[in-house]
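Please open the model in a viewer and keep the sequence panel at hand.

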Amino acid sequence: MITLDQKVRVHPDVVDTRISDDEIALLQLESKNYFSLNTTAVRIWESLKEGMSLRDACRRLQDEFDVATEQAESSVIELVDELARQGLVEVD
Amino acid sequence: MARIIVELTNRCNLSCQHCFDERHAAQGDLPLPILDKVLEEGHACGVEEICFTGGEPTVHRHFAEIVRRVCGRGYGFSFVSNGMNFAKICPLVLRYRDAFKGVTFSLDGAAEATHDKIRGKGSYRRVLQAASLCFFSDISFTFNMVLTAWNRPEVAALAALAERLGAYGVRFGHLMFTEDTANRGLDLSPQERTDVEVEIRTLQNTASVAVGMAPGYYHESPFFPCAPLELDEYNLDYRGNLTLCCQLSGLSGPNAGDDVLGSLQEMSLSEAIKRVQQRVGVYLDDKRRRVAQGDFAELDHFPCFYCVKYLGKADWLKNQPRHSWSVTQ
């Protein structure tokens, strides 16, 4: 399981596409699989693209969605874990 | 039911290795009054669909207004695009989706490096972004590959990619070769074309997406299928000229204007279409005569090559005696 102290960056083999204000599509170029990110996941993805640490991504979620620390951390870790399994991010 | 292929502009936001140089030299967009003339008379001439090409049609300064007018007059529309502007165009397509027949994205390699070598760095990902937008917006899209020596090994991979990305299908077309493409090593020889056609026909039977082949492939009969020659399709260039063929209209040379049949700046659409019909009749008579005289060579069975020669647009081959298509010159 990924921890909040690990460095995570967007995988170079991913094409992301804004579908709407609250939806982004990801295409993994090697597997050729599409993925869709919902509103919360979009903000986490944008944080990763901006080079934020996972802790800062959690703080952004807390600020913007008015959620508890535990919930924000859980959301970030679960999403990043899934993104890593699908080859959409790289984790140091 | 016929359709008109409208070259909305000669301008393009890319500079591809296989494209005619004059595609990038011109600065002209189709004038809106010419479009209005087409829309006013089109239905009476049996036209029900307008397909936009270019250049890159979406860079026309009034693209949104053009789509609005086309749909307002009850025509269906489709377009061929390099995908660079699709994020901007997508809301327009969704607004007029009842009249929308599909978009064809140029994808000249299954691999990013191949496509970008031909069309420019970053362009592959823009096409895939466009495909993603279509997939998640339920918009029908097709890929089109211009076959060259650089991407010929990726034909099967492109069909597989189209399937994975949810495309309606994939279409392959032979390169309209020029002196520039010859110098760049892009041209396939006649034998290489025949070989790739065999592979494409196999794909047509095995792929789970529609696999199409644009006119230009080898045909046993000299009287090959071609929509403009069957008067199912008319071609309008960005200057407002009805031409015999959309492929040839931008091809330069001493006889560059030989396929221009009528200007909508000077005549009605129905008058220009009559000229096309008459010209097709002459073309077919000429061909019948050549076939009867035994003056129809093996390479003439490649339709576009036959027409390029027929219209005097292949004279540059005389300067390239070692080119694989020079044997019949």
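Begin with B:V80, which counts as partly exposed at 28% relative accessibility; buried means under 20% relative accessible area, exposed over 50%, and partly exposed in between (1.4 Å probe, protein chains only). This is a predicted model, in which local features need pLDDT of at least 70 and side-chain atom pairs count only at pLDDT 80 or more, while totals for chains, interfaces and linings use all residues. Residues are numbered from 1 along each chain as its sequence is written, chains are lettered from A and ligands numbered from 1 in the order in which they are written, and side-chain values use heavy atoms, with hydrogens and water left out.

**Strand β3 of chain B**

B:V80 belongs to strand β3 (residues 76–81) of chain B. Helices (H or I, at least four residues) and strands (E, at least two) are DSSP runs, numbered from the N terminus. Display the surroundings of B:V80: leaving aside neighbours within four places in sequence, this residue is in contact with B:C51, B:F52, B:T53, B:E56, B:P57, B:T104 and B:S106, where contact means heavy atoms within 4.5 Å. A distance drawn from B:V80 to B:S106, C-alpha to C-alpha, spans 7.3 Å, although the two are 26 residues apart in sequence.

Next select B:S81, also found in strand β3 of chain B. Is B:S81 buried or exposed? B:S81 is buried, with a relative accessible area of 3%. Not counting residues up to four places away in sequence, B:S81 touches B:E56, B:T58, B:V103, B:T104, B:F105 and B:S106.

**A helix pair in chain B**

Select helix α4 (residues 86–95) and helix α6 (residues 123–137) of chain B, whose axes come within 10 Å and cross at roughly 25°. Axes are lines fitted to C-alpha atoms, for helices over the stretch in contact, and angles run from 0 to 180 degrees between N-to-C directions. α4(B) and α6(B) are therefore roughly parallel to each other; angles under 35 degrees count as roughly parallel, over 145 as roughly antiparallel, 65 to 115 as roughly perpendicular and the rest as oblique. Their crossing is right-handed: a crossing is left-handed if the near helix is turned anticlockwise from the far one by less than a right angle, and right-handed if clockwise. Show side chains to see B:F86, B:A87, B:C90 and B:L94 of α4(B) meeting B:A130, B:L133, B:C134 and B:S137 of α6(B).

**Aromatic rings in chain B**

Rings of Phe, Tyr and Trp (its six-membered ring) pair if their centres lie within 6.5 Å; planes under 30 degrees apart count as stacked, over 60 as edge-to-face and the rest as tilted. By this rule there are 20 aromatic pairs over all chains. Select B:F177 and B:W325, a tilted pair with 5.3 Å centre to centre and 45° between the planes. B:F177 lies in the loop between β6 (169–174) and α8 (179–183) of chain B and B:W325 in the segment after α11 (303–310) of chain B, so the pair ties together parts that are 148 residues apart in sequence. B:F177 is buried at 8% relative accessible area, and B:W325 is buried at 0%.

B:F305 is in helix α11 of chain B, 20 residues from B:W325, and is buried with a relative accessible area of 4%. Which residues do ring pairs link into a cluster? Colour B:F177, B:Y218, B:F302, B:F305, B:W316 and B:W325 to display this cluster.

Then move to B:W150, where the charged end of B:K117 sits over the ring, 4.1 Å from its centre. A charge sits over a ring if NZ of Lys or CZ of Arg is within 6 Å of the ring centre and within 35 degrees of the ring normal.

**Helix α1 of chain A**

Finally, select helix α1 (residues 39–49) of chain A, in which eight of the eleven residues are buried; among them are A:I44, A:W45 and A:L48. After α1(A) comes A:G51, with a positive phi near 85°.
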